[in-house]
Amino acid sequence: MQGVSASKIAVESLSKSFDSISAVDNIDLKIGAGEFVSLVGPSGCGKSTLLYMIGGFVHPTSGRLLADGKPITKPGIDRGIVFQDYALFPWLTVYDNIAYGLQMKGCSRAEERDTVGRYIDLIGLKGFETRYPRELSGGMKQRVALARTFAYGPDILLLDEPFGALDSQTREIMQDELLRLWGSTGKTILMVTHDVSEAVYLSTRVCVMSRRPGRIVREFPITL
């Protein structure tokens, strides 16, 4: 597990309503640099809404969101997100999917090749560089999605039930892949999951949310 230093994410008195429905209410949360925090709670409690607000995709009704002390007002390259449904570009190969963020950043071809090659080795897909998503299993697709997000270098990773669609055996393999990537990069990670055992296995801290409107009702540091 990584050591925790200054706060990377600060959520202050955050609330969000959709029309007359209150999704989350008065949430306060601080996440330190290098920490791996999981959000658990019943379906519909606002876990993903909170994640997408931190990602900058959804605007809060009230309260403040900060990343490295700066207000979050929109998506940014400092925050990478991995969705449950992989969200790969079907017309791009494994290599090109992983390279996409690096190309958007304007990295040199040499840096791109080195970085993509390193992550392909890390996720165990050497030899699959020229395959397309339709030719991959669910577990392979999610490895590519993780590698694509890690590769372009965001400080913060936001994971929305990244292994929810996988079978139990593949899920366990992917959990270990994620721990290995986290251990080698020291990123700050916030993950939404319905699986309490997954949260305990992966995280340095687990935050439990109430039913809607979602509030953080308990926090458990994981010291296993």
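Predicted model: local features only at pLDDT ≥ 70, side-chain atom pairs only at ≥ 80, totals over all residues.
Residues are numbered from 1 along each chain as its sequence is written, and side-chain values use heavy atoms, with hydrogens and water left out. Local features need pLDDT of at least 70, side-chain atom pairs count only at pLDDT 80 or more, and totals for chains, interfaces and linings use all residues.

The largest pocket holds about 370 Å³ of space. A pocket is an open set of points on a 1 Å grid over the protein atoms alone, where a 1.4 Å probe fits, with protein on both sides within 12 Å along at least five of seven lines; lining residues have an atom within 4 Å of a point. Its volume is the space filled by probe spheres set on the points, which are joined across faces, edges and corners. The lining comprises 18 residues, and R79, G80, I81, Y100 and Y152 lie nearest the centre. Strand β6 (79–82) and helices α2 (94–105) and α4 each supply at least two lining residues (helices are DSSP runs of H or I, at least four residues, and strands runs of E, at least two, numbered from the N terminus). The most, 4 residues, come from α2.

T149 lies in helix α4 (residues 138–151). This residue is buried (under 20% relative accessible area, 1.4 Å probe, protein chains only), at 4%. Contacts (heavy atoms within 4.5 Å) link T149 to G80, I81, V82, P154 and L157, not counting residues up to four places away in sequence.

Helix α1 (residues 47–55) is largely enclosed by the rest of the structure, because 7 of its 9 residues are buried. Among them are K47, L50 and I54. Just after α1, G56 takes a positive phi of about 90°.

Notes:
Buried < 20%, exposed > 50% of the residue type's maximum accessible area, 1.4 Å probe, protein only.
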